[in-house]
Amino acid sequence: MKARVHIMLKTGVLDPQGEAVRHALGTLGFEGVTGVRQGKVIELDLAETDRAKAGADVARMCETLLANTVIEQYDVELL
Amino acid sequence: MKAAVLVFPGSNCDRDLAVAFRNAGFQVDMVWHKDSDLPANVDIVGVPGGFSFGDYLRCGAIAARSPITSALRSHVERGGYAIGICNGFQVLLETGLLPGALMRNAGLKFICKPVVLDVATADSDFTRGYKLGQTVTFPVAHHDGNYTTDEATLARLKGEDRVAFRYAQDVNGSVDRIAGILSENRRVLGLMPHPERAADPALGPADGRALFAALAATRVAA
């Protein structure tokens, strides 16, 4: 089974990189981009076949290592 | 007085930190990240600057889950001293031994220059050698030094006098210009600027020397 983890900065945490991308888009003439948030995607190949168990395992991986929950939120997608 | 300096793949200020400790009178052991124990009777653990594990995932994230970090955690929980400088500060935040997080610099640039800091508290065994409000100059060299935390934690840090150093002028976007913070028991200091790179008058400004001297004096008294 594959899992895809989406990690984004929490709402309210300023994202300097996203802000720089937004600015660059404006410079290139793309108008009307009022906000950009940048995050990361992590794909995992899992031996586990039970979806519920896989979901719980990946959530624990996020809490332990993959996300810094002080500033980031995560979302697990099982494929 | 015994100091242990942790060494991760990608640490690059470990030897500078060891020299600063030694010059202040500490006996220093270097400890590899795969070790699961600190040497016996260590008084202070130094977590050095650098780019541990290539800054992969997040700065300090993988180092914070190394075997030696469990020993560091036990040492701190027993009331032991620790100092994390630059990447070491990032590691201490990732372990949760200090609160908050360090994000990409607000200007998105790697900043490498001497900066002026205000000593925000002299009430710690790290900062006793300075006067409150005194300015010191330490070098910074970081890409992710933009300190952030939620409002409740910030209020607590300020209320408990746990901000150790502030940038005299904004450098990287850090909330409240915070450059370094103390733990609740004031025995763990994390800071982005490098006191160990300003600890030998032969190499330039040496404002960092008083920090290591104060630590050494503390342990003599204890």
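For "active site", an unreviewed UniProt entry lists Cys86(B), His194(B) and Glu196(B). They span 111 residues in sequence, yet no two of their C-alpha atoms are more than 10.8 Å apart, so they gather at one spot. UniProt positions follow the numbering used here, feature names are shortened, and annotations may be inferred rather than shown by experiment.

This is a predicted model: local features need pLDDT of at least 70, side-chain atom pairs count only at pLDDT 80 or more, and totals for chains, interfaces and linings use all residues. Residues are numbered from 1 along each chain as its sequence is written, chains are lettered from A and ligands numbered from 1 in the order in which they are written, and side-chain values use heavy atoms, with hydrogens and water left out.

**The listed residues**

- Cys86(B) sits in the loop between strand S4 (81-85) and H3 of chain B. Helices (H or I, at least four residues) and strands (E, at least two) are DSSP runs, numbered from the N terminus.
- Cys86(B) is buried, at 5% relative accessibility. Buried means under 20% relative accessible area, exposed over 50%, and partly exposed in between (1.4 Å probe, protein chains only).
- Beyond residues up to four places away in sequence, Cys86(B) touches Gly49(B), Ala141(B), His142(B), Leu191(B), Met192(B) and His194(B). Contact means heavy atoms within 4.5 Å.
- His194(B) lies in the loop between strand S11 (188-191) and helix H5 (209-221) of chain B. His194(B) is buried too, with a relative accessible area of 1%.
- The side chains of His194(B) and Glu196(B) make a polar contact (2.8 Å). Such a contact is a pair of N or O atoms within 3.5 Å; within protein, one must be able to donate a hydrogen and the other to accept it, and residues adjacent in sequence count only if both atoms are side-chain atoms.

**Aromatic pairs**

- Over all chains, the whole structure holds eight aromatic pairs. Rings of Phe, Tyr and Trp (its six-membered ring) pair if their centres lie within 6.5 Å; planes under 30 degrees apart count as stacked, over 60 as edge-to-face and the rest as tilted.
- Phe8(B) and Phe53(B) form a tilted pair, 6.5 Å centre to centre, with 55 degrees between the planes. Phe8(B) is buried at 2%, whereas Phe53(B) is partly exposed at 21%.
- Phe89(B) and Tyr147(B) are stacked: 6.2 Å centre to centre, 10 degrees between the planes.
- Ring pairs also link Phe21(B), Phe26(B) and Phe212(B) into a cluster.

**Confidence**

- Chain A averages a pLDDT of 95, and 100% of its residues score at least 70. pLDDT is the predictor's confidence in each residue, from 0 to 100.
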